[in-house]
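Subject: Structure handover

Hello,

Here is the structure for you to look over. My notes on it follow below.

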Amino acid sequence: TVIDVHDHDPGATTAVLLSADGGTTKVPFDMSDYGGIAFLAAFTTGTDIQKLEIVAAEDEALSTNLTVVKDSGSVAADALGDFVYLECTAEEIKQLGANLRYASARLTMETNTDECLVTSILFNPRFAYTGLTATTVA
């Protein structure tokens, strides 16, 4: 299992792929060696998280055949401690397109100053070994 935490600062009220800089630097996850992926988006500042989606694409840039795999529907995660969670299997992604390989989260926030932390969890590695997740302290 690989677990990581990402700052999501979209700077927009439209759906933005997981990014700390308004979508310029996207965070793709290569699903070729994992059985599934999960995202937990936790509200940190601003007004609220309105939607979380798991999306997949054929390329690492997340630009070719971007497809919604799962959708939280409308939510109003607007207080510290509020979070939205979605997960899917690699098989669910493949059912939507044989060449879909890279997954990510896409979030819609209410205002362009809203931010959240997104925890990504890649699970069921094809080749299990230890040390996939390490403690990170800045």
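**Confidence**

The protein has a mean pLDDT of 93, and 99% of its residues reach 70 or more. pLDDT is the predictor's confidence in each residue, on a scale from 0 to 100. This is a predicted model, so local features need pLDDT of at least 70 and side-chain atom pairs count only at pLDDT 80 or more, while totals for chains, interfaces and linings use all residues. Residues are numbered from 1 along each chain as its sequence is written, and side-chain values use heavy atoms, with hydrogens and water left out.

Among the elements, strand E1 (residues 2-8) has the lowest mean pLDDT, 94. Strand E6 (residues 67-71) has the highest, 98. Elements are DSSP runs numbered from the N terminus: helices (H or I) of at least four residues, strands (E) of at least two.

**The aromatic pair**

The whole structure was searched, and one aromatic pair turned up. Phenylalanine 29 and phenylalanine 39 form this pair, edge-to-face, with 5.6 Å centre to centre and 65 degrees between the planes. The pair links distant parts of the chain, ten residues apart. Phenylalanine 29 is in strand E3 (residues 29-30) and phenylalanine 39 in strand E4 (residues 34-45). For the cut-offs: rings of Phe, Tyr and Trp (its six-membered ring) pair if their centres lie within 6.5 Å; planes under 30 degrees apart count as stacked, over 60 as edge-to-face and the rest as tilted.

Both phenylalanine 29 and phenylalanine 39 are buried. Buried means under 20% relative accessible area, exposed over 50%, and partly exposed in between (1.4 Å probe, protein chains only).

**Salt bridges**

Side chains of opposite charge can pair when their charged atoms come close. A search of the whole structure gives five salt bridges. The criterion is a side-chain nitrogen of Lys or Arg within 4 Å of a carboxyl oxygen of Asp or Glu. Three of them are described here, among the five found.

- Arginine 126 meets aspartate 33 at 3.8 Å, N to O. The pair links distant parts of the chain, 93 residues apart. Arginine 126 is in the segment after strand E9 (115-125), and aspartate 33 is in the loop between E3 and E4. Arginine 126 counts as exposed because its relative accessibility is 55%. Aspartate 33, at 32%, counts as partly exposed.
- Lysine 51 forms a salt bridge with aspartate 71, with the closest N and O atoms 3.4 Å apart. Lysine 51 is in strand E5 (residues 49-57) and aspartate 71 in strand E6, 20 residues apart. Lysine 51 has 24% relative accessibility, so it counts as partly exposed. Aspartate 71 is partly exposed too, at 37%.
- Lysine 70 and glutamate 92 meet at 3.3 Å, N to O. Lysine 70 lies in strand E6 and glutamate 92 in helix H1 (residues 90-96), so the bridge ties together parts 22 residues apart in sequence. Lysine 70 is partly exposed, at 27%. Glutamate 92 is partly exposed, also with 27%.

**Strand E7**

E7 pairs with E4 in the antiparallel sense, over seven bridges. Two strands pair if DSSP finds at least two bridges between them. In this pairing, glycine 36 stands opposite threonine 89 in E7.

**A buried aspartate**

Aspartate 114 lies in the loop between strand E8 (102-109) and E9. Aspartate 114 is buried yet has no salt bridge. The nearest side chain of opposite charge, lysine 51, is 15 Å away. For charge, Lys and Arg count as positive and Asp and Glu as negative; His and the chain ends are not counted.

What does the side chain of aspartate 114 reach? The backbone nitrogen of glutamate 110, at 3.0 Å. The backbone nitrogen of threonine 47 also lies 2.5 Å from a polar atom of that aspartate 114 side chain. A polar contact is a pair of N or O atoms within 3.5 Å; within protein, one must be able to donate a hydrogen and the other to accept it, and residues adjacent in sequence count only if both atoms are side-chain atoms.

**Positive phi**

Asparagine 65 is not a glycine, yet has a positive phi of about 60 degrees. Asparagine 65 sits in the loop between E5 and E6 and is partly exposed at 41% relative accessibility. Asparagine 124 has a positive phi of about 55 degrees, and is not a glycine either. Asparagine 124 lies in strand E9 and is exposed, with a relative accessible area of 52%.

Best wishes
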